[in-house]
Amino acid sequence: MKVRKAVITAAGKNQRSLPLQTLIDSDGIQKSALRIIVEEALSAGVEAICVVVSPGDEESYREAAGDLRNWLHFVEQPAPKGYANAIACAREFTAHEPFLHLVGDHLYWSAGPTRCARQLTETAAAESCTVSAVQATRESMLPYYGTVGGRRVAGKPRLYLIENVIEKPTPTEAEQRLLVPGLRSGHYLCFFGMHVLTPAVMNLLEDGSSLSSALAMLAGKERCLAAEIEGLRYDIGVKYGLLTAQLALALGGKDREGVLAHLVELLASRELSQAGVAGRGEEGQ
Amino acid sequence: MTRDLKGGVSGTSTLVGIVTASDPAVRNQSLDAFCRSSSVPALLAECQSLELFRKQCDNLYQRVRALFFLYAIHRFHLPGKLSHFRGPLIPFDGYAHLLKRRFEEAIRTFLETQASGGPSEGLSSALATAYHDLGFQTLADQVRRSVRSVRGNQWMFRIGHPADHPLRIRRELLPDGRVGQTSAGQDRILREQTPVRMDLSHSGWSDIFFLGMDFPEGARVLNVSIDLCVLGRDPSPLPPVEAYLRVIDEPVLKLASVDLGASATVESLGEVFDFAKDYLGLLKAALIASGIVPPGIEGAGQSLEELLSRVVAPGYGLELVSNVHSIPKGSRLAVSTSLLASLIAVCMRATGQASSLSGPLNEEERRLVAARAILGEWLAGSGGGWQDSGGLWPGIKLIQGALAEEGDPEFGISRGRLLPNHTIFRHDRVPAEVRESLQKSLVLVHGGMAQNVGPILEMVTEKYLLRSEAEWAARLQAGGILDKILECLQAGDIQALGAATTQNFYGPIQAIIPWADNLYTQTLIGRARQEFGRDFWGFWMLGGMSGGGMGFIFAPGRKAEAQERLAKLMQEAKKKLSGALPFAMDPVVYDFGINETGTCAQLLEGEQALLPQGYYVMMMPSVMRVEQQSLGRQRRRELGRLGSACRTRPEMSGLVSALFDRLLPGAVAGGSDTQHLAAFLQEYGFDATHHEQIRADLRSGRIGLAQNRLPTNSIIEDPAAEDVLDATAPLERELFQHGVASLARGEVAVVTLAAGAGSRWTQGTGVVKALHPFCKLTGRHRTFLETHLAKSRRINSKYGAELPHVITTSYLTHRPIQEYLAYEGNYRYQAPLLLSPGRSVGLRLVPTARDLRFLWEEMPQQLLDEQAQKMRASLRTALVRWALSSGEGSDYTDNTPLQCLHPVGHWYEIPNLFKNGVLQKLFALRPRLKHLMIHNIDTVGADVDPALLGAHLANASCLTFEVITRRIEDRGGGLARVGGRLRMVEGLALPREEDEFRLSYYSSNTSWVDVDQLLLAFGLTRSDLADEARVADAIRTVSARMPTYVTLKDVKKRWGYGQEDVYPVTQFEKLWGDMTAMPELKCAFLLVPRFRGQQLKDQAQLDGWLRDGSAEFVESISEFDPD
């Protein structure tokens, strides 16, 4: 199964401006978050990318993509009908082909030489089915993610056959339906913000529903897998999310030494100046 | 049958074979049948095999069954086959292990003693207790493990920090302004309404968790969800249980129980886990079991505010309110489990753990709530059966135990699963018209008795696990009756259904637990039958025992009439028996309707967003004290809504008047109780000077629990064998003949001490123990008094005597006994029957914190299991707070007058005979009277045995005391040589706890008294008895020589609607046994068989008493009036 297309959703009510934020990538170059995501997609071997935006956002996004703008197709989500609907807006673009889907508010760091999206598309190509990237996540984070229940695929250590998907489950629900043998206690497979989807999913995405419920249905119809990616995701939409992502990019890139030195200096000078204040206080007594 | 045990032990053990058999015919064999014909060595050998087996067996239920077999052999079979005379004593170390729940160590210690010194009755009693408690501990641990390991419950035990909390309140419940929605200021309240359940079949107690897990095939109940109202008070049946939850604009938990009139603001996590601090334990348990405050966070030192900020929103909190529509406690309708389930359901919905915020729950959610309710009950230290949360489900359903399967946490451990399966009967199976017929025929009542059914549940468990023959057969028969009830229900034949429930009550239920029935219930059934004849279709027992919630089935045309009549019949019967049986409230008749929805929630919005009226009655006084501008915005909006609701909503129309009653309680209540108390004190000869002296001594520490004890350097020794005359074997013929002759000469009278209120018997309720119909003997319920008279009647007819019988009474018992005897025509006792009214009364005092601490910290205490221990610690802190705030040593007056007074000990009851003229009367009736046999009301095996009388005559003592060999439960002193003098010594007076364990003999409190010698000891002669002043003076002199013991008694305080609290209060007493310490008195001691000397102090003893042959013995020495 060859994955030639990618869909990036960026029309969410609270995430419209997130992909436009500027960061220094691990290669030391200043880029918008969108561009970093587009690079992630291109690294996976896709040939065309569709960005789903809110009406009127196309121009700023095009600009944020910089020299990669030519790879992009834009589709507007006419009304804020939710995440699943946003993906469905790209139906014409994907045109009955499997596609890579990325969310517009996540950045990734790969633990190995192969980028995260690439790991995913390679798995999908090998398995010829829908594959969702997942990460073992503590149950305290369940309120934020779609979560997968299933069992390991024999002989393939990081692959799981999806049996159930629930969007933001309660821990009770998770324990009853989403336990995956072999994971640490209190850990579940939560979405990584990255999927390779077969075209059948487009028929299951309804207004107001979630990608999770569509995937749960899809798993009832065809083989769907979850793949644990060797890497980390950074949600830039949460508190300090952008800062954490920036630090992660910097510490994983060529400027690592310099950034570390800055951090140590920052900490040391703060601590020293505080100690100095305290010391002067004592002297004065 | 042989079985190789792991560890290489190989042996032939029939009992191990029974325990391990896979063939049900072998596995379900009874232990009793085997033991009856076995010799002592054979039984001891079986015990050894069972002991080895149970230590090495992995299967939980086989292990438990082996433990119960061991218990039963030591409790019921070995003692009867052992000689009563001496044998190794119970080692104190083993007892100390038992108290600390170190059962294995205790068993080892007892077995070592048995190995070195041989078996003895005392050792067997100790082993029986240890095996019994270890058996229950093992079962309880397993239930807990299962509750924790149910999927969906486990995560709560992992969460130890608010930052890890995975639950979030549903956005719909947050005030709109906060989440940026449109109509700012909108408040919402989530309300859960839950029916209660009634058990249409009576399950034969098969819904006890342990039993469902042991024999799931036999665990079946027909459970109906019902709405309820009290007839004549409420307009129509409603779901009786409600839970409310709302988000509040303060970072705290506000809890309110409208039914118990209690509320609290909880600001720390520690308080949430402090269950017994107030009456809000159930609400706290619900918060924990629903995962809002996960059990894993207990003791983690985290902040409640932080947790609420995570789960609700920063700066916000939750208010949880419970409301029961005045259904009294003890209704046998599982009200408290239903309420807990309702509270848990509302909390789970609010945190997204149920898919829908309103409407009914789906099957999976109901099962989860039921599992959480079990968890909550475990946390709060209570426990019900698995059908008790049946109200979550709609309509009529069959609940069945389920076999554990692979993947279940119980698999491989127990045969059954913790949670049963529910099959809801649709209308095609039980049509609407049948449901209606049931409602038209059944009269549901609460008879007013509130009893602790805990011991009954233990008894049933034990009998089922032992596969005791009669009980096992009854259990199987109950299963057949359930099938019959099912058929009747499907066929719509309510009359046959009534016949089946009646058959169940008189058949299996009473075969399993004879105590399920009582005189009150019998009276009601008898009257219903008499008045309604063929239109009375049947009786139906609900729950653990009858007397509380009950059902009477009538022809539909006569239901209304029957409701009215039953209300009157119950009142009349209660009036007659109120002294004899523990009534907690006035009887009520209910109206009910089958609830076809099960638990159901509504989101109350806008003008509807109000809590129940009772909440406002309770909370408004404190709200009104707050300056208007200081009230939060949310509260102000709510008051606005409340104002308009009072004007427009009929159910809120009574609020204003109820509020006035609450604000000005004095105007309504008056001070009648205090006036009554003063009158009582005056009437019963209260000695105010003595009372003030006691108070001063108590406050100054001159008297107290610690001061009861003899000096620590006292020498306490076990008497030598020759110090007692062994009367457990037949005595010489000559003694018997002397006794018979003395009887014939009219030299003897019986004195029954009946001044007490049987506080242990009823756990502090206070009934007249003498009048308590404690047991069925020769086919009918018999009171203690009737039983004693029946024994004297037999002696009279057998030996040609006419024993005068004296019953000593007190302020508490005199009038009820007098009236009851008049009503019963003295049970047609032909010889003189005299009452000896008490002349002394004490007023109870609030205890000192010092005595409370001494009781709880210095005296050996039974350690409870972990959760119950936490509850107890929390309760004790609350009680010390109560004592300090009420004033240590101040008069205890906050209860009904009779509960504030106390009898001052049985010592006074004997000199009273001199004082109140009864002894003179006896002399007039029987001029040759020389001896009295004095016994406690609860020593039911004591009669005027001529041989024992002969022994008393032969030793020519003033006092001959009867003793029995000590068993582990015999606490409270015994026969000892104290400083060289052989005497009875009270447990309170022993300097060290272990002293008691060195004493072989325990007092039966039966004594034979030579009247003239006794008078002499008081410095009196027969002729002095007419001289009141002289008698009073003599009594005062001897009284001053008797030690005064300070004791703490548990007293029940009733309040609300059938609710009860127990308070420890201080009282003092002087005890008859201390007479043996007077050096000038000649005393002798007789060792008698346990059947004769056993005292029945606790209702939990009854079952064993019935099974070990004691009851048969009493029947054999009684001659009940044939009418």
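1. Let me begin with a pair of facing residues: B:Phe536 stands opposite B:Phe554 in strand 15 of chain B.

2. How many of the six residues of strand 15 of chain B are buried? Six of the six are, over residues 549–554, so the strand is largely enclosed by the rest of the structure. On one side B:Gly549, B:Gly551 and B:Ile553 point away from the strand, while B:Met550, B:Phe552 and B:Phe554 point the other way, and all are buried.

3. Elsewhere in chain B, have a look at the open sheet of eight strands, ordered 19-34-28-31-27-20-23-24, with mixed pairing. Strand 19 (725–726) and strand 24 (833–836) of chain B are at its edges; each has a single partner strand, so one side of each is left without a neighbour in the sheet. Inside the order, strand 28 (residues 959–965) and strand 31 (residues 1001–1010) of chain B run antiparallel and are joined by seven bridges. B:Ile964 sits opposite B:Tyr1002 of strand 31 there.

4. On nonpolar packing, the largest core has 327 residues, and B:Leu343 and B:Ile344 touch the most other members. Helix 5 (residues 60–81) of chain B gives this core its largest share, 13 residues. Another core, of 80 residues, lies apart from it and includes A:Ala64, A:Leu142, A:Tyr160 and A:Leu215. Beyond four places in sequence, B:Leu343 touches B:Ala243, B:Leu282, B:Leu283, B:Ala286, B:Leu320 and B:Ser322.

5. Is A:Gln119 buried or exposed? It is buried, because 24 other C-beta atoms lie within 10 Å. Setting aside neighbours within four places in sequence, A:Gln119 is in contact with A:Thr114, A:Ile229 and A:Glu230. From A:Ala11 it is 108 residues away in sequence and 26 Å away in space, C-alpha to C-alpha.

6. Between the chains, 11 residues of chain A are in contact with 16 residues of chain B. On the chain A side, these residues comprise three nonpolar, six polar and two charged. The model scores ipTM 0.74 and pTM 0.81.

7. Finally, a word on confidence. Chain A averages a pLDDT of 89, with 95% of the residues scoring at least 70. Its residues 281–285 fall below 50, and that stretch has zero contacts in the model beyond near neighbours in sequence. Chain B averages 88, and 95% of its residues score at least 70. In chain B, pLDDT stays under 50 over residues 179–184, which have seven contacts beyond four places in sequence, and over residues 667–671, which have one such contact. Where pLDDT is low, the predicted coordinates should not be read in detail.

Terms used: Residues are numbered from 1 along each chain as its sequence is written. Chains are lettered from A and ligands numbered from 1 in the order in which they are written. This is a predicted model: local features need pLDDT of at least 70, side-chain atom pairs count only at pLDDT 80 or more; totals for chains, interfaces and linings use all residues. Two strands pair if DSSP finds at least two bridges between them. Helices (H or I, at least four residues) and strands (E, at least two) are DSSP runs, numbered from the N terminus. A residue is buried if 20 or more other C-beta atoms lie within 10 Å of its own, exposed if 12 or fewer, and partly exposed in between; C-beta atoms are placed from the backbone. Two residues are in contact if their C-beta atoms, placed from the backbone, lie within 7 Å. Ala, Val, Leu, Ile, Met, Phe, Trp, Tyr, Cys and Pro count as nonpolar, Asp, Glu, Lys and Arg as charged, and the others, Gly among them, as polar. pLDDT is the predictor's confidence in each residue, from 0 to 100. A nonpolar core is a set of buried Ala, Val, Leu, Ile, Met, Phe, Trp, Tyr and Cys residues joined through C-beta atoms within 7 Å.
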